[in-house]
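Hi,

Could you have a look at it before you set anything up?

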Amino acid sequence: MAVAKAACLNHISRESSDIRRLANFYKEIFGFEEIESPDFGEFKVIWLNLPGSFPMHLIERNPLTKLPEGPYSSTAAVADPSNLPRGHHICFTVSNFDSFVQSLKVMDWRLPVGKLHD
(Lines give C-alpha, C1' and ligand atoms only; values in the text may rest on other atoms or scores of the structure.)
Protein backbone atom coordinates (compact mmCIF):
# COMPACT_ATOMS: atom_id res chain seq x y z
CA MET A 1 0.00 0.00 0.00
CA ALA A 2 1.28 3.46 -0.90
CA VAL A 3 2.38 5.70 1.94
CA ALA A 4 1.46 8.89 0.05
CA LYS A 5 -2.29 8.75 -0.49
CA ALA A 6 -3.72 10.44 -3.62
CA ALA A 7 -0.25 11.19 -4.99
CA CYS A 8 -0.01 12.70 -8.47
CA LEU A 9 2.68 14.02 -10.78
CA ASN A 10 3.70 17.55 -9.73
CA HIS A 11 6.28 18.38 -12.41
CA ILE A 12 9.14 17.07 -14.54
CA SER A 13 12.54 18.74 -14.65
CA ARG A 14 15.16 18.78 -17.38
CA GLU A 15 18.72 20.01 -17.14
CA SER A 16 20.34 21.85 -20.06
CA SER A 17 23.30 24.06 -20.89
CA ASP A 18 20.90 26.14 -23.03
CA ILE A 19 17.56 26.34 -21.24
CA ARG A 20 16.24 29.04 -23.59
CA ARG A 21 16.74 26.77 -26.63
CA LEU A 22 15.10 23.86 -24.81
CA ALA A 23 12.19 26.08 -23.67
CA ASN A 24 11.67 27.26 -27.24
CA PHE A 25 11.58 23.64 -28.43
CA TYR A 26 8.86 22.66 -25.94
CA LYS A 27 6.89 25.87 -26.59
CA GLU A 28 7.03 25.67 -30.40
CA ILE A 29 6.57 21.92 -30.78
CA PHE A 30 4.21 20.94 -27.95
CA GLY A 31 2.54 24.22 -26.94
CA PHE A 32 4.02 24.61 -23.46
CA GLU A 33 3.49 28.06 -21.96
CA GLU A 34 6.18 29.87 -20.00
CA ILE A 35 5.08 30.62 -16.42
CA GLU A 36 6.58 32.65 -13.60
CA SER A 37 9.65 31.04 -12.07
CA PRO A 38 11.75 31.87 -9.00
CA ASP A 39 15.21 33.44 -9.07
CA PHE A 40 17.71 30.92 -7.71
CA GLY A 41 20.64 33.33 -8.15
CA GLU A 42 23.55 31.06 -9.07
CA PHE A 43 21.72 29.17 -11.84
CA LYS A 44 18.85 30.00 -14.18
CA VAL A 45 15.53 28.21 -14.46
CA ILE A 46 12.60 28.44 -16.83
CA TRP A 47 9.27 26.99 -15.78
CA LEU A 48 6.83 25.80 -18.42
CA ASN A 49 3.31 24.45 -18.25
CA LEU A 50 1.52 22.21 -20.72
CA PRO A 51 -2.16 23.18 -20.34
CA GLY A 52 -4.24 20.26 -19.16
CA SER A 53 -1.19 18.13 -18.51
CA PHE A 54 1.87 18.94 -16.41
CA PRO A 55 4.52 21.59 -15.61
CA MET A 56 8.17 21.24 -16.59
CA HIS A 57 11.11 22.94 -14.90
CA LEU A 58 14.17 23.61 -17.06
CA ILE A 59 17.31 24.00 -14.99
CA GLU A 60 20.61 25.45 -16.16
CA ARG A 61 23.15 22.63 -16.29
CA ASN A 62 26.17 22.73 -14.02
CA PRO A 63 29.10 23.30 -16.43
CA LEU A 64 31.16 20.71 -14.50
CA THR A 65 28.70 17.93 -15.39
CA LYS A 66 30.32 15.29 -17.60
CA LEU A 67 27.22 13.33 -18.72
CA PRO A 68 25.97 13.88 -22.31
CA GLU A 69 22.91 16.03 -22.95
CA GLY A 70 19.78 15.19 -24.91
CA PRO A 71 19.68 16.24 -28.57
CA TYR A 72 17.33 19.20 -28.00
CA SER A 73 18.97 20.42 -24.78
CA SER A 74 22.25 21.72 -26.12
CA THR A 75 23.32 23.91 -29.00
CA ALA A 76 25.03 20.90 -30.62
CA ALA A 77 23.15 17.66 -31.12
CA VAL A 78 24.48 14.57 -29.36
CA ALA A 79 26.63 12.79 -31.93
CA ASP A 80 25.53 9.37 -30.76
CA PRO A 81 22.22 9.36 -28.82
CA SER A 82 22.86 5.74 -27.78
CA ASN A 83 25.31 7.18 -25.23
CA LEU A 84 22.47 8.81 -23.31
CA PRO A 85 21.41 7.05 -20.11
CA ARG A 86 18.45 4.73 -20.76
CA GLY A 87 16.23 6.57 -18.29
CA HIS A 88 16.97 9.99 -19.81
CA HIS A 89 13.77 10.68 -21.73
CA ILE A 90 10.30 12.17 -21.74
CA CYS A 91 7.62 10.58 -23.89
CA PHE A 92 4.79 12.46 -25.58
CA THR A 93 1.88 11.00 -27.53
CA VAL A 94 0.97 12.77 -30.77
CA SER A 95 -2.08 12.18 -32.95
CA ASN A 96 -0.17 11.64 -36.24
CA PHE A 97 3.43 10.55 -35.79
CA ASP A 98 4.51 10.82 -39.45
CA SER A 99 3.05 14.31 -39.79
CA PHE A 100 4.72 15.31 -36.51
CA VAL A 101 8.15 14.11 -37.68
CA GLN A 102 7.70 15.91 -41.03
CA SER A 103 6.80 19.14 -39.19
CA LEU A 104 9.97 18.87 -37.09
CA LYS A 105 12.03 18.46 -40.26
CA VAL A 106 10.39 21.47 -41.90
CA MET A 107 11.04 23.52 -38.76
CA ASP A 108 14.69 22.34 -38.84
CA TRP A 109 14.71 20.65 -35.43
CA ARG A 110 17.38 17.95 -35.55
CA LEU A 111 16.10 14.47 -34.73
CA PRO A 112 18.07 11.79 -32.88
CA VAL A 113 18.52 9.21 -35.62
CA GLY A 114 16.72 5.95 -34.94
CA LYS A 115 15.41 7.02 -31.55
CA LEU A 116 11.87 8.10 -32.42
CA HIS A 117 9.14 5.49 -32.26
CA ASP A 118 5.34 5.47 -32.37
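F30 comes out as partly exposed, with a relative accessibility of 21%. For these labels, buried means under 20% relative accessible area, exposed means over 50%, and partly exposed is what lies in between, using a 1.4 Å probe and protein chains only. F25, at 5% relative accessibility, counts as buried.

Some housekeeping first. This is a predicted model, where local features need pLDDT of at least 70 and side-chain atom pairs count only at pLDDT 80 or more, while totals for chains, interfaces and linings use all residues. Residues are numbered from 1 along each chain as its sequence is written, and side-chain values use heavy atoms, leaving out hydrogens and water.

**Aromatics**

A pair of aromatic rings is described by how far apart the centres are and by the angle of the planes. Rings of Phe, Tyr and Trp (its six-membered ring) pair here if their centres lie within 6.5 Å; planes under 30 degrees apart are stacked, over 60 edge-to-face, and the rest tilted. Searching the whole structure gives six aromatic pairs. One of them is F25 with F30, an edge-to-face pair at 6.2 Å centre to centre with 80° between the planes. F32 and F54 also pair edge-to-face, at 5.8 Å centre to centre and 70° between the planes. F32 and F54 are both buried. F25, Y26, F30, F32 and F54 together make one aromatic cluster.

**Overall layout**

Helices (H or I, at least four residues) and strands (E, at least two) are DSSP runs numbered from the N terminus. The chain has two helices and four strands, running β-α-β-β-β-α from the N terminus on. Of its 118 residues, 27% are buried. Taking contact as heavy atoms within 4.5 Å, 55% of the contacts between residues at least 6 apart in sequence join residues at least 24 apart.

**The sheet**

The four strands form an open sheet in the order β1-β4-β3-β2, with mixed pairing. β1 (12-16) and β2 (33-35) are at the edges and have a single partner strand each, so one side of each has no neighbour in the sheet. On average, neighbouring strands of this sheet are turned by 30° against each other, direction ignored; the axes are lines fitted to C-alpha atoms (for helices over the stretch in contact), with angles from 0 to 180 degrees between N-to-C directions.

Two strands count as paired if DSSP finds at least two bridges between them. β2 pairs with β3 (residues 45-49) in the antiparallel sense over three bridges. There, E33 has N49 in β3 as its bridge partner, and I35 stands opposite W47. β3 and β4 are antiparallel as well, with five bridges, and L48 faces M56 in β4. Their hairpin has five residues between the strands, including G52 with a positive phi near 80°.

Over in β1 you'll find I12, which is partly exposed at 23% relative accessibility. I12 and H57 are 45 residues apart in sequence, but 6.2 Å apart in space, C-alpha to C-alpha.

**The helices**

α1 has twelve residues and spans 16 Å from its first C-alpha to its last, close to the expected 16 Å (1.5 Å times one less than the number of residues). Its buried residues are I19, L22, A23, F25, Y26 and I29. They take up an arc of only 155° around the axis, which puts them on the same side of α1; the arc is that of the directions from the helix axis to the C-beta atoms. What covers them includes β1, β3, β4 and α2 (97-106).

In α2, the buried residues are F100, V101 and L104. Looking down the axis, they fall within an arc of 95°, so they line one face of the helix. These buried residues pack against α1, while D98, K105 and V106 are exposed on the other side of α2.

Cheers
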